[in-house]
Structures are given as C-alpha cells and as structure tokens.
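Subject: Structure handover

Hello,

Here is the structure I promised you. Please open it and keep it on screen while you read my notes.

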Amino acid sequence: MAARKLLGISHTTIYEYMRQSPPVLPYRRSENGWHRLILGSDIIFLLDHPQVKRGRKRKNR
C-alpha cells in the first residue's frame, strides 16, 4: 500500500517530507535507483509522532 494512503497525505507532501533536512520521512533507493522505498516502521513512527503540520503552505492574499 502507498505511504500517502496510510498517512492520509498527498504525494507532494510525501516528497516534501523526504526533501527536508533531516528528512521527516527517511527513504532508500531501490537497486535500479528509480523507486523510493519507505520502511513501514518509519510510517508507523510518523503516525504516532507527527512532526510537521499537514496541508500545503498557502500564500497570503
């Protein structure tokens, strides 16, 4: 199952979590380098200990 479905967030947010330094959601690359692999234990930890707000940042109008 996709990590975004388990966490209830969009794929864009998943990539933002991976891009932060240090990453909120650590990942590994597959052997061919095309896929990002996220451990189930990391998803469970993020569910139990949310570290960032959900939703996207919006510009003030």
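A search of the whole structure finds one salt bridge. The term stands for a side-chain nitrogen of Lys or Arg within 4 Å of a carboxyl oxygen of Asp or Glu. Here the partners are Glu16 and Arg19, with their closest N and O atoms 2.6 Å apart. Both residues lie in helix H2, three residues apart, which is about one turn of the helix. Side chains of opposite charge can pair when their charged atoms come close.

Before you go on, two notes on the source. This is a predicted model, in which local features need pLDDT of at least 70 and side-chain atom pairs count only at pLDDT 80 or more, while totals for chains, interfaces and linings use all residues. Residues are numbered from 1 along each chain as its sequence is written, and side-chain values use heavy atoms, with hydrogens and water left out.

How exposed are the two partners? Arg19 is exposed, at 57% relative accessible area. Glu16 is partly exposed, at 36%. The cut-offs are these: buried is under 20% relative accessible area, exposed is over 50%, and partly exposed is in between (1.4 Å probe, protein chains only). Of the 61 residues of the protein, 20% count as buried.

Now the overall layout. The protein has three helices and two strands. From the N terminus on, they run α-α-β-β-α. Helices (H or I, at least four residues) and strands (E, at least two) are DSSP runs, numbered from the N terminus.

Stay with H2 for a moment. Thr13 lies in this helix and is buried, with a relative accessible area of 15%. The side chain of Thr13 makes a polar contact with the side chain of Ser10, at 3.2 Å. A polar contact is a pair of N or O atoms within 3.5 Å; within protein, one must be able to donate a hydrogen and the other to accept it, and residues adjacent in sequence count only if both atoms are side-chain atoms.

Next, the core. A nonpolar core is a set of buried Ala, Val, Leu, Ile, Met, Phe, Trp, Tyr and Cys residues joined through side-chain atoms within 4.5 Å. The largest one has ten residues, among them Ala3, Ile14, Leu25 and Leu46. Helix H1 (3–7), H2 and helix H3 (40–48) each give two or more residues to this core. H2 gives the most, with three. In soluble globular proteins, nonpolar side chains tend to be buried together.

Leu25 deserves a look. Leu25 sits in the loop between H2 and S1. Leu25 counts as buried because its relative accessibility is 0%. Leu25 and Asp42 are 17 residues apart in sequence, yet their C-alpha atoms are 6.7 Å apart in space.

Which peptide bond is cis? It is the bond from Ser21 to Pro22, with omega near -10°. Pro22 lies in the loop between helix H2 (11–19) and strand S1 (28–29). For context, most peptide bonds are trans.

That is the set. Write back with any questions.

Best wishes
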